[in-house]
Amino acid sequence: MLRYLQSRIRGTASTGPGTPPATLRGFYLHFVRQTPGWWAAVFATSLVVALIDTLIPLFVGRLVAMMAATDRAAAIEREWPVLLGMLAAVLVLRPAAMFVDFAIRQNAVIPGVTALVRWQSHWHVIRQGWSFFQNDFAGRIANRVMQTAQALRESVMASIRAVWYIAVYGVSALVLMATADWRLALPTALWFVGYVLFLRHFVPRLRDLSRVSSEARSQVMARVVDGYTNILTVKLFSRLADEDAWVRASVDALQDAVAAHMEVITRFMMVLAILNAALLASTAAIGVWLWGQGTIGPGTVATALPLAWQISNVAGWVSWEVASIFENVGVVQEGMETIAVPPTGQDRPGARELSVPRGEIRFEGVRFGYGRDDGATVLDGLDLVVRPGERVGVVGRSGAGKTTLVNLLLRFFEPGAGRIAIDGQDIAGVTQESLRAAIGMVTQDTSLLHRSIADNIRYGRPGATDAQVREAARRAQADVFVEALQDWRGRRGYDAHVGERGVKLSGGQRQRVAIARVLLKDAPI
């Protein structure tokens with residue numbers, strides 16, 4: 001059964017119904033609506049468990065009333081079917097309901113929904129334009145994608161549990177107590193009013209503080225990953241002390257944010273403890289007073305006190321759940337800043353595949369700037385023709401626009417005016433995938449994937465054979481050093497892994513692997 005449940009939600013089966021909305025409610029519904037049946041199952045099983053738990057005080061009250069009888073044998077003979085039912089509920093029904101509840105939540109919803117949100121968030125984020133990644137820390141983006149899934153799932157599940165438990169226990173207590181005597185239900189009714197006011201005061205503060213804490217946590221992650229990613233620069237310039245200060249500032253900010261959050265939670269729990277103590281004491285006092293007057297029997301008091309105690313315990317648990325819910329909502333809100341972002345640099349509607357029969361490139365009156373406040377341009381009215389078969393070198397000082405020229409050709413940016421055409425086709429009207437597939441590029445800052453040499457070269461043509469990979473390496477004059485490689489796990493040659501961004505190789509070796517990758521791609525341009 002558990003294996004069956006684990007296979008029901010395949011998180012990577014779909015890329016989702018478009019871009020997640022930027023509103024909090026819409027963002028939640030975007031993901032919840034994709035697995036409605038499972039959330040309905042969690043809703044139903046949580047209700048059943050809450051209802052069964054509510055029966056426990058009734059059982060206690062019934063037992064006390066039976067034990068108050070003078071003829072004990074007759075009382076047991078009269079009540080044995082009820083006692084048997086109580087036993088069945090405690091030994092069979094409650095464990096069975098809890099098992100079904102746990103099985104659905106732990107084996108279907110938690111792994112499946114978490115994977116679904118993470119996969120779709122990643123799928124959406126990785127398709128953002130290059131400028132999107134230039135404007136943020138890679139570590140913070142990754143942290144948001146990973147943490148948002150867990151926070152969304154937990155906040156929805158906690159909300160379902162909290163709503164059912166407080167509603168079922170509260171309504172049951174009010175009905176049962178009011179049935180015996182309306183005065184016995186008065187403390188619970190007043191407690192409900194106080195509890196609503198209590199939540200209304202604290203919840204917005206917890207929500208805001210949770211978001212601040214989440215942002216501070218992501219900032220720590222971003223700075224730590226930034227230092228690790230650029231560790232060679234840190235070591236070369238002997239800047240460990242500066243890195244310590246850079247990270248220390250973010251850790252201190254996180255500590256301050258968490259401390260402020262915990263301060264409010266402490267006040268939250270103290271007020272709740274006072275509220276619950278008043279409920280229990282007043283229910284007991286009124287129950288004893290009514291029993292003393294002969295208005296109610298001991299069984300009713302024995303039912304009312306466990307109900308009040310249960311409400312107090314559940315209220316504490318629900319309050320922690322509410323605090324957790326809004327802590328997770330804060331994480332989701334922060335994650336939305338990365339995930340619920342309209343895609344940048346997308347293909348135009350009706351974009352067609354690029355065809356490159358010859359490979360002529362034309363820049364016609366191209367004007368481009370990087371959006372600076374002074375309105376300065378990098379390229380202004382550029383006309384350039386690269387004919388098929390030509391090898392053209394573009395020479396100029398740093399910042400003159402050489403890299404910008406190539407980035408515009410690859411459509412990492414759009415020109416402010418003019419157009420770029422390949423074989424007469426305006427590249428603004430073709431798909432970016434087909435455009436970049438037609439161009440082979442070795443960048444100045446060569447970074448390799450943290451995979452094997454063969455995987456990095458084969459990235460140029462995923463279906464290439466081992467022989468074709470080795471031939472590309474030979475043409476790039478990389479085969480000699482590749483054959484001699486051995487990584488930290490003993491993998492050799494083309495199976496050796498290159499480390500993050502290719503750090504296990506020298507700069508020249510990385511360039512040759514990148515050249516082999518482009519040679520294998522065999523693009524027309």
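**Notes on the predicted model: strands, rings and charges**

1. β1 and β3 run antiparallel to each other and pair over 5 bridges. One place to look is isoleucine 361, which stands opposite isoleucine 422 in β3. Bear in mind while browsing that this is a predicted model. As background for reading these strands, side chains in a regular strand alternate between the two faces of the sheet.

2. β3 has another antiparallel partner to check: strand β4 (residues 425-426), with 2 bridges between them. Here alanine 421 has aspartate 426 in β4 as its bridge partner. The hairpin of β3 and β4 has 2 residues between the strands, and in that hairpin aspartate 423 takes a positive phi near 50 degrees.

3. On to the rings. How many aromatic pairs does a search of the whole structure find? The search turns up 4. Phenylalanine 27 and phenylalanine 31 make an edge-to-face pair, with 5.3 Å centre to centre and 70 degrees between the planes. The angle of 70 degrees gets the edge-to-face label because planes over 60 degrees apart count that way. The two phenylalanines are 4 residues apart in helix α2 (residues 24-32), so about one helical turn separates them. Both phenylalanine 27 and phenylalanine 31 are buried.

4. Tyrosine 370 and phenylalanine 413 are also edge-to-face, at 5.4 Å between centres and 85 degrees between planes. This pair links distant parts of the chain, 43 residues apart: tyrosine 370 is in the loop between β1 (361-368) and β2 (379-386), while phenylalanine 413 is in the loop between α11 (402-409) and β3 (417-422). Phenylalanine 413 comes out at 14%, so it counts as buried. Ring pairs also bring in Phe368, giving a cluster of Phe368, Tyr370 and Phe413.

5. Two arginines sit over tryptophan rings. Arginine 223 lies over the face of tryptophan 246, 3.6 Å from the ring centre. For arginine 491, the charged end is over the ring of tryptophan 488, and the distance to the centre is 5.7 Å.

6. Now the salt bridges, of which the count is 14. The general idea is that side chains of opposite charge can pair when their charged atoms come close. Arginine 105 and aspartate 101 form one, at 2.8 Å from N to O. Both residues belong to helix α4 (residues 72-125) and are 4 residues apart, about one turn of the helix. Which side of the burial cut-off do they fall on, buried or exposed? Arginine 105 has 8% relative accessibility, so it counts as buried. Aspartate 101 is at 6%, so it is classed as buried too.

7. Glutamate 263 and arginine 267 have a salt bridge with an N to O distance of 3.0 Å. They are 4 residues apart in helix α9 (residues 240-292), so the separation is about one helical turn. Glutamate 263 is partly exposed, with a relative accessible area of 48%. Arginine 267, at 40%, also counts as partly exposed.

8. Aspartate 466 and arginine 458 meet in a salt bridge at 2.5 Å, N to O.

9. Histidine 124 is in helix α4. What is its relative accessibility? The value for histidine 124 is 8%, so it counts as buried. A polar atom of the histidine 124 side chain lies 2.9 Å from the backbone oxygen of valine 341. Leaving aside residues up to four places away in sequence, histidine 124 touches Thr19, Pro20, Ile339, Val341 and Pro343. Valine 341 therefore turns up both in the polar pair and in the contact list, where contact means heavy atoms within 4.5 Å.

Key
Residues numbered from 1 in each chain as written. Predicted model: local features only at pLDDT ≥ 70, side-chain atom pairs only at ≥ 80, totals over all residues. Heavy atoms only, no water. Salt bridge = Lys/Arg side-chain N within 4 Å of Asp/Glu carboxyl O. Buried < 20%, exposed > 50% of the residue type's maximum accessible area, 1.4 Å probe, protein only. Polar contact = N/O pair within 3.5 Å; in protein donor to acceptor, adjacent residues only side chain to side chain. Phe/Tyr/Trp six-rings, centres within 6.5 Å; stacked < 30°, edge-to-face > 60°. Lys NZ or Arg CZ within 6 Å of the ring centre and 35° of its normal. Pairing = 2+ DSSP bridges.
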